[in-house]
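Please consult the sequence and the structure shown below while reading.

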Amino acid sequence: MRFTKTIRLNVPAQYAFDWHAKPGALYRLLPPWEDIRILQESNGIQVGERVIMTVPMGPTRKKWVAEHTDYQDGREFQDIQVSGPFASWKHRHIFMPIDESTCEMTDEITYKLPFGPLGKLGSSFATSKLDAMFTYRHARTATELDIHYEWREVPRKRILISGSSGLIGTSLVSFLRTGGHEVIRLVRDKAEAENNPQAIFWNIKAGEIDREKLENLDAVIHLAGAGIADHSWTKEYKETIKRSRVESTKLLATSLASLQNKPEVFISTSAVGYYGNRGDEVLTEDSTSGVGFLPEVAREWEEAAEPAKLAGIRVVHPRLGVVLTPAGAALQKMLTPFKLGAGGVVGPGSQYWSTISIHDVVGIYHYCMMKDSIHGPVNAVIPQETTNKEFIKTLGRVLRRPTIAPLPTLAVKMMLGEMGKPLLLDSTRVQPRVLLENGYRFQTETLEQTLRQMLGRF
């Protein structure tokens with residue numbers, strides 16, 4: 001069986017080819033709805049390099065070992081299945097110049113399904129899966145090449161990231177590395193930091209950080225913090241949520257302020273929880289903070305970065321909306337009940353949910369790093385304002401499932417306790433004014449575009 005898909009890219013063929021050879025490129029192309037996990041990434045795409053992954057096969061997982069072959073610099077590379085879910089698999093990546101600034105990229109796959117003649121019964125299913133996968137891959141390739149190519153004349157940066165192994169951090173690290181930037185991770189394992197020049201040790205509770213290694217950074221991106229919805233809101237866990245954000249930010253900000261060679265920018269994460277429950281009020285970066293636990297956390301979180309600002313470092317606070325990806329967080333938890341037809345409006349349904357694609361989260365962090373005019377709070381949400389009812393109906397439409405099983409307010413409070421109200425019932429109608437005024441181009445501007453891209457429902 002054979003599958004091919006071609007896309008025109010607005011970059012030179014060599015540039016597109018080289019992007020695929022960079023560390024992290026494979027991660028950028030994995031469709032998030034497939035739950036493909038990389039166990040071992042290759043060191044490049046030269047002949048003999050191998051990638052080891054696991055892929056879902058019904059209730060189990062199957063190891064997939066792929067080996068690169070037939071490397072032709074700037075024109076073509078190939079990978080074949082050594083072992084895995086297919087009877088055989090050969091994937092050619094072909095780059096054909098159109099002119100000096102554009103090219104065509106073709107993915108050509110020759111494969112056989114397992115189980116012999118019986119496997120042929122699944123040919124139409126396999127074709128539809130491949131079409132969705134490569135529609136996604138081509139869209140990501142084109143978008144990310146456009147972003148990196150736009151900034152190609154700006155020197156590559158040396159970037160320190162905290163929380164690099166989290167949902168956002170993993171995606172951001174791979175994106176930055178494919179853009180040619182050097183990424184250094186803040187880690188809590190002292191032995192790892194001692195044995196890895198791309199890691200720096202810190203201990204937030206003890207207030208320890210290797211300050212000497214912080215010299216000569218260009219940017220610091222701070223993502224670390226205990227998960228808001230990872231645990232019930234006991235008094236102790238609420239304190240953990242606050243401390244993990246405020247104390248880590250203070251440690252970084254004061255350490256960066258003391259350096260001889262300070263970074264240009266410190267991007268310290270925040271959240272739209274800053275605004276609290278505001279009903280139909282339109283909220284911009286100039287809006288005041290709200291009342292309650294989450295606004296209190298967000299205020300102290302942002303204020304903790306003040307030493308860096310006073311030291312002349314450009315400080316940015318991306319206020320994240322609900323980050324949408326089937327790989328984790330809220331959307332992942334919603335998918336199973338929705339696919340079973342058990343999704344429905346939460347509470348009154350009139351409350352605003354401000355959301356953002358994980359791809360735009362990564363794009364926004366990169367844009368804030370590269371764009372010198374951006375400082376202070378930045379609302380990281382899509383331009384479309386969406387109520388809970390609109391969100392639920394849109395997700396149901398994308399999944400082709402009914403949404404007739406409401407979750408009443410009382411049920412939310414009984415199931416989730418104190419955190420149920422701020423996470424699901426409070427209303428924050430947030431607009432990304434700073435991003436729009438500074439020329440940021442959203443990869444998906446509406447909720448439906450975002451969900452279709454994230455879930456492969458094109």
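## Ala 257 and its surroundings

Apart from neighbours within four places in sequence, Ala 257 is in contact with Lys 262, Pro 307, Ala 308, Ala 311 and Ile 313. The model examined here is a predicted one. Ala 257 belongs to helix α7.

Is Ala 257 buried, partly exposed or exposed? Its relative accessible area is 23%. Since buried requires a value under 20% and exposed a value over 50%, Ala 257 is classed as partly exposed.

## Helices α7 and α8

In general, two packed helices are described by the angle between their axes and the distance between those axes. The axes of α7 and α8 cross at roughly 15° and come within 9 Å. Angles under 35 degrees count as roughly parallel, and α7 and α8 are therefore roughly parallel to each other. The crossing in which α7 passes α8 is right-handed.

On the α7 side, the contact is made by Lys 238, Ile 241, Lys 242, Arg 245, Val 246 and Thr 249. On the α8 side, Phe 293, Glu 296, Val 297, Glu 300 and Trp 301 take part. Sorted by class, the contact of α7 with α8 has five nonpolar, one polar and five charged residues.

An α-helix has 3.6 residues a turn, so residues three or four places apart point the same way.

## Helix α12 and its two partners

The axes of α12 and helix α16 (residues 447-455) come within 10 Å and cross at roughly 40°. The helices α12 and α16 are therefore oblique to each other, and their crossing is right-handed. From α12, the contact includes Glu 390, Phe 391, Thr 394, Leu 395, Arg 397, Val 398 and Leu 399. From α16, the residues are Leu 447, Glu 448, Leu 451, Arg 452 and Leu 455. This contact of α12 with α16 has seven nonpolar, one polar and four charged residues.

Helix α10 (residues 329-339) packs with α12 at an angle of about 65°, and their axes are 11 Å apart. The crossing of α10 with α12 is right-handed. Here α10 contributes Leu 331, Met 334, Leu 335, Phe 338 and Lys 339, and α12 contributes Phe 391, Ile 392, Leu 395, Gly 396 and Leu 399. The residues of the contact of α10 with α12 comprise eight nonpolar, one polar and one charged.

## Two residues with positive phi

Most residues other than glycine have a negative phi. Asp 35 is not a glycine, yet its phi is positive, at about 55°. Asp 35 is found in the loop between α2 (25-29) and β2 (37-40). With a relative accessibility of 35%, Asp 35 counts as partly exposed.

Arg 400 also has a positive phi, near 60°. Where does Arg 400 lie? Its place is in the loop between α12 (388-399) and α13 (409-416). The relative accessibility of Arg 400 is 72%, so Arg 400 counts as exposed.

## A loop residue, Ala 87

Ala 87 lies in the loop between β5 (76-83) and β6 (88-97). Neighbours within four places in sequence aside, Ala 87 is in contact with Gln 81, Lys 112, Leu 113 and Pro 114. Ala 87 and Glu 385 are 298 residues apart in sequence, and their C-alpha atoms are 47 Å apart in space.

## Cysteines

How many disulfides does the structure hold? The number is zero. Cys 103 is buried, with a relative accessible area of 0%. Cys 368 counts as buried, at 0% relative accessibility.

Conventions:
Residues numbered from 1 in each chain as written. Predicted model: local features only at pLDDT ≥ 70, side-chain atom pairs only at ≥ 80, totals over all residues. Heavy atoms only, no water. Helix = DSSP H or I, 4+ residues; strand = E, 2+ residues; numbered from the N terminus. Buried < 20%, exposed > 50% of the residue type's maximum accessible area, 1.4 Å probe, protein only. Disulfide = S-S within 2.5 Å. Contact = heavy atoms within 4.5 Å. Axes fitted to C-alpha atoms, helices over the stretch in contact; angles between N-to-C directions. Parallel < 35°, antiparallel > 145°, perpendicular 65-115°, else oblique. Left-handed = near helix turned anticlockwise from the far one by under 90°. Nonpolar A, V, L, I, M, F, W, Y, C, P; charged D, E, K, R; others polar.
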